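Subject: Structure handover

Hello,

Here is the structure for your files. Please open it alongside this message.

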Amino acid sequence: MKLRNLAMALAAALLPLAGAAQADETLELLVPGEISVATEGTYPPFSMRAPNGQLDGLEIRVMQEIARRLDLEYKPVLVKWESVLIGLEADQYDIISDAMDITEERQKKVTFADGWLESGGRIVVREDSDITRPADVAGRSVGGLVASNWTKLAEGLGAKVKTYKAESDAMQDLANGNVDAIITDSIAAAYAIKTSNLPLKLVEEPVSSIQKGFAVKMGKPNLVAAVNKALAEMIADGTYAKLTTDLIGVDPAPKEPIRTLPQ
């Protein structure tokens with residue numbers, strides 16, 4: 001009788017653990033209890049190092065809050081931009097938080113969670129530049145992040161494209177007069193100009209409007225749905241706005257998020 005009671009007590013004690021394991025399997029995570037997240041860590045204001053050395057930025061804050069709401073340990077994985085999709089396909093991490101535009105081409109390779117931030121391409125020039133609209137870059141040298149949509153936009157405008165592995169290098173090259181302009185994310189550009197004190201400015205007319213999404217390897221609908229739910233809840237309760245406006249002064253949540261899963 002005592003052995004039977006002991007067995008029942010052990011079974012009851014193990015139930016919560018079994019439930020947790022089952023929940024992890026349902027979320028299709030590589031390691032139960034944690035969500036590994038690919039980020040560059042070098043693309044302000046999306047990902048960067050705070051003065052104390054810790055990772056910070058828009059995507060870092062939002063993804064950390066999503067992990068907290070899913071009761072998961074947040075595990076950042078630092079990855080170079082040009083390798084980020086390769087690593088996802090190779091199961092090196094669960095999700096990409098890197099500032100990635102949701103495009104039809106990329107949706108053939110990954111599943112995006114709902115659009116989490118609205119931005120777009122903008123042209124950055126020196127303060128004394130005669131470039132005042134996107135059409136003015138035709139035939140001019142324009143920098144952009146390698147393997148990004150910005151280089152494609154520059155090519156579409158007839159520019160001579162120079163690629164960079166880091167946004168900061170492109171900005172510095174522009175300030176030094178080595179290129180006539182660069183095309184980059186409007187939020188990243190505004191933040192960089194504000195904090196770098198470089199003699200640069202944004203061309204008023206945008207090149208594109210885009211939403212950014214968290215990318216997940218195809219075949220993990222439960223993980224995407226869970227991220228979508230946590231994201232929607234944090235936007236609705238005001239947490240998202242508090243986390244983002246502190247960095248850039250505005251709430252960049254899309255008014256009509258792109259949704260890639262059936263509703």
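First, the ground rules. This is a predicted model, in which local features need pLDDT of at least 70 and side-chain atom pairs count only at pLDDT 80 or more, while totals for chains, interfaces and linings use all residues. Residues are numbered from 1 along each chain as its sequence is written, and side-chain values use heavy atoms, leaving out hydrogens and water.

Overall fold

The protein chain has 9 helices and 14 strands. These are DSSP runs numbered from the N terminus (helices: H or I, at least four residues; strands: E, at least two). The C-alpha atoms fill a box of roughly 90 × 35 × 30 Å along the principal axes. Of the 263 residues, 48% count as buried (under 20% relative accessible area; exposed is over 50%, partly exposed in between; 1.4 Å probe, protein chains only). Take the contacts (heavy atoms within 4.5 Å) with a separation of 6 or more: residues 24 or more positions apart account for 71% of them.

Helix packing

Helix α2 (residues 58–69) packs on helix α8 (residues 221–236) at about 110°, with the axes 9 Å apart. Axes are lines fitted to C-alpha atoms, for helices over the stretch in contact, and angles run from 0 to 180 degrees between N-to-C directions. The angle makes α2 roughly perpendicular to α8 (65 to 115 degrees; under 35 is roughly parallel, over 145 roughly antiparallel, the rest oblique). From α2 come Val62, Glu65, Ile66 and Arg69; from α8 come Val227, Ala230, Leu231, Glu233 and Met234. By class, that contact has 6 nonpolar, no polar and 3 charged residues. Nonpolar covers Ala, Val, Leu, Ile, Met, Phe, Trp, Tyr, Cys and Pro; charged covers Asp, Glu, Lys and Arg; the others, Gly among them, are polar.

α8 also packs on helix α9 (residues 239–248), at about 80° with axes 4 Å apart. This pair is roughly perpendicular too. Leu231, Met234 and Ile235 of α8 meet Thr239, Tyr240 and Leu243 of α9. The classes here are 5 nonpolar, 1 polar and no charged.

Cavities and pocket

There are 2 cavities of 30 Å³ or more. On a 1 Å grid over the protein atoms alone, a cavity is a set of points where a 1.4 Å probe fits but cannot get out; a pocket is an open set with protein on both sides within 12 Å along at least five of seven lines; lining residues have an atom within 4 Å of a point. Points are joined across faces, edges and corners, and a volume is the space filled by probe spheres set on them.

The largest cavity holds about 80 Å³. Its lining includes Tyr43, Trp81, Asp101 and Arg106.

The largest pocket holds about 270 Å³. It has 15 lining residues, with Leu85, Arg106, Lys109, Ala147 and Lys152 nearest its centre. Its lining divides into 6 nonpolar, 3 polar and 6 charged.

Gly158

Gly158 sits in the loop between α5 (149–156) and β10 (160–164). Is it buried, exposed or in between? Gly158 counts as partly exposed, because its relative accessibility is 40%. Beyond neighbours within four places in sequence, Gly158 touches Val137, Ala138 and Gly139.

Best wishes
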